[in-house]
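Could you walk me through this structure, starting from the pocket and working outward?

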Amino acid sequence: MTAPGLVPEAPTVGGTDVRLIIAECFGVETPTFQGEGPSCGHPALFIRLSRCNLTCARCDTKYTWDWSRFDPRQESTKRPVTDLVTWAASSPVELVVVTGGEPLIQQRGLVPLVRGLLAAGKRVECETNGTIAPDPALLVEGVRFNVSPKLAGFGVEEGKSIVPSALESFASSGRALFKFVASSLADLDRIAELSDAHGLTPVWVMPEGTTAEAVTATTRVLAGAVAARRWHLTTRLHVLAFADARGR
Ligand code: SF4
């Protein structure tokens with residue numbers, strides 16, 4: 001088994017079709033919403049890529065990288081980009097969320113995936129931890145990056161999770177917003193420092209929590225201070241609506 005956090009192999013090429021390492025795809029057979037950020041509440045399809053380059057203690061998708069607890073042979077498959085595009089195109093839903101794990105580990109395969117999705121009439125939100133600068137080929141009309149830098153309070157060393165050059169690439173791209181998970185007022189102070197230091201705007205704050213009770217309680221702790229900073233606040237709709245069930 002691969003050790004937790006180890007960066008995996010790059011996307012493989014089978015014939016002419018790039019393949020991506022996928023944890024799960026959902027939203028076609030059982031419809032759902034984007035649960036976070038500016039598109040919260042919009043119908044959405046999800047393509048979740050396996051593998052991550054961080055090992056956050058409070059990660060809620062450890063089945064994408066924590067091979068001390070999960071079996072990568074059970075939790076991931078290699079799928080051709082053409083299959084993924086065909087799957088998404090079978091639904092009338094316009095928004096496709098590419099998430100992880102950390103999708104930009106497999107950036108070489110993301111370029112044809114995003115091109116295929118856009119050609120099928122979709123728009124794409126790519127969710128990333130902001131540690132890997134985006135390929136310019138991904139910075140195109142119809143694509144937005146939801147960048148979520150992970151703070152120390154999330155159980156990760158900021159020496160690994162905060163990569164100034166990558167964050168500044170997103171900030172200057174014109175195609176990114178910065179969505180921070182926060183659990184305390186101290187987290188908001190840290191977000192302000194990072195935003196000021198690296199030009200991270202617009203800022204979105206999302207209360208941490210994997211239960212409705214936790215999300216509600218943390219929202220009440222943070223909401224006034226987020227409003228006072230003129231930032232954006234998002235909930236976690238999938239937690240409130242579907243109890244954080246996998247595949248919703
Ligand atoms: S960056 Fe995201 S997917 Fe990776 S370990 Fe942290 S929370 Fe989990």
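This is a predicted model: local features need pLDDT of at least 70, side-chain atom pairs count only at pLDDT 80 or more; totals for chains, interfaces and linings use all residues.

Residues are numbered from 1 along each chain as its sequence is written, and side-chain values use heavy atoms, with hydrogens and water left out.

Let's begin with the largest pocket, which has a volume of about 820 Å³. It is lined by 43 residues, and the closest to its centre are Arg48, Asp60, Thr61, Gly100 and Arg236. Pockets and cavities are found on a 1 Å grid over the protein atoms alone: a pocket is an open set of points with protein on both sides within 12 Å along at least five of seven lines, a cavity is a set where a 1.4 Å probe fits but cannot get out, and lining residues have an atom within 4 Å of a point. Points are joined across faces, edges and corners, and the volume is the space filled by probe spheres set on them.

The pocket lining splits into 15 nonpolar, 14 polar and 14 charged residues. Here Ala, Val, Leu, Ile, Met, Phe, Trp, Tyr, Cys and Pro count as nonpolar, Asp, Glu, Lys and Arg as charged, and the others, Gly among them, as polar. Strands β2 (17-26), β4 (43-49), β7 (123-128), β9 (176-182) and β10 (203-207) each supply at least two lining residues. Strands (E, at least two residues) and helices (H or I, at least four) are DSSP runs, numbered from the N terminus.

The ligand sits in this largest pocket, meaning that more than half of its atoms lie within 2 Å of the pocket's grid points. Around the ligand you'll find Cys52, Leu54, Cys56, Cys59, Thr61, Trp65, Gly101, Asn129, Lys150 and Phe154, each with a heavy atom within 4 Å of it. That shell has six nonpolar, three polar and one charged residue.

There is also one cavity of 30 Å³ or more, and the largest cavity holds about 40 Å³ of space. Among the residues lining the largest cavity are Phe154, Asp187 and Glu208. Glu208 is in the loop between β10 and α7 (212-228), and counts as buried at 16% relative accessibility. (Buried is under 20% relative accessible area, exposed over 50%, partly exposed in between, with a 1.4 Å probe and protein chains only.) The C-alpha atoms of Glu208 and Arg236 are 8.4 Å apart, although 28 residues separate them along the chain.

Now for strand β6 (residues 95-99): five of its five residues are buried, so the rest of the structure largely encloses it. Leu95, Val97 and Thr99 are buried on one side, Val96 and Val98 on the other. β6 pairs in the parallel sense with β4 over five bridges, and with β7 over four; pairing takes at least two DSSP bridges. Thr99 is the bridge partner of Arg48, while Val98 stands opposite Cys126 in β7.

Lastly, the backbone. Most residues other than glycine have a negative phi, and most peptide bonds are trans. The bond from Gly100 to Gly101 is cis, with omega near 10 degrees, and so is the one from Thr201 to Pro202, with omega near 0 degrees. Arg230 has a positive phi of about 60 degrees and counts as exposed at 69% relative accessibility.
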